[in-house]
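Please look over the sequence and the structure shown below before reading on. The briefing that follows is grouped by topic.

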Amino acid sequence: MERKPLVWLGDSLEKLRAFPARVRRDIGFALDFAQAGDRHGDAKPLKGFGGAGVLAVIEDFDGNTYRAVYTVKLAGMVYVLHVFQKKTKRGIATAQTDLGLIKERLKQAREHHRRASQRGK
């Protein structure tokens, strides 16, 4: 099976590069699964996005929580929508500002995919 390319939206790649090495490795491993068409055991559907099309990988390290959110909804590609360190210590819910950014980048991913599909025809 052919591996799906990763498409990094916004500052996602730069943010991931700033994470601790172990967190980068673990998130990279989960994204590698997505590229191969599988789902890593740590990848969970993000609530509010209609099923398993938008996934989050959550890594805890040194008292901090790190997240990478990506979508496999769009055929043939894995779009990394947002990578961030969770700021609040209360609950597991994703902050509204992060959810808004994820929604905006999902729109960008759909547009990018539409344009890429048209070029491929």
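Two strands count as paired if DSSP finds at least two bridges between them, and helices (H or I, at least four residues) and strands (E, at least two) are DSSP runs numbered from the N terminus. This is a predicted model, in which local features need pLDDT of at least 70 and side-chain atom pairs count only at pLDDT 80 or more, while totals for chains, interfaces and linings use all residues. Residues are numbered from 1 along each chain as its sequence is written, and side-chain values use heavy atoms, with hydrogens and water left out.

**Strand β5 and its partners**
- Eight of the nine residues of strand β5 (residues 78-86) are buried, so this strand is largely enclosed by the rest of the structure; buried means under 20% relative accessible area with a 1.4 Å probe, protein chains only.
- Strand β4 (residues 64-71) runs antiparallel to β5 and is joined to it by seven bridges; A68 stands opposite V83, and Y70 has V80 as its bridge partner.
- The hairpin formed by β4 and β5 has six residues between the strands, and G76 in the turn has a positive phi of about 85 degrees.
- Strand β1 (residues 6-8) runs parallel to β5 through three bridges, and V7 has Y79 as its bridge partner.

**The sheet and the helix on it**
- The five strands form an open sheet in the order β1-β5-β4-β3-β2, with mixed pairing.
- The edge strands, β1 and β2 (43-45), each pair on one side only.
- Helix α2 (residues 21-35) packs on the sheet and touches β1, β3 (54-61), β4 and β5, where contact means heavy atoms within 4.5 Å.

Key
Buried means under 20% relative accessible area, exposed over 50%, partly exposed in between (1.4 Å probe, protein chains only). Axes are lines fitted to C-alpha atoms, for helices over the stretch in contact, and angles run from 0 to 180 degrees between N-to-C directions.
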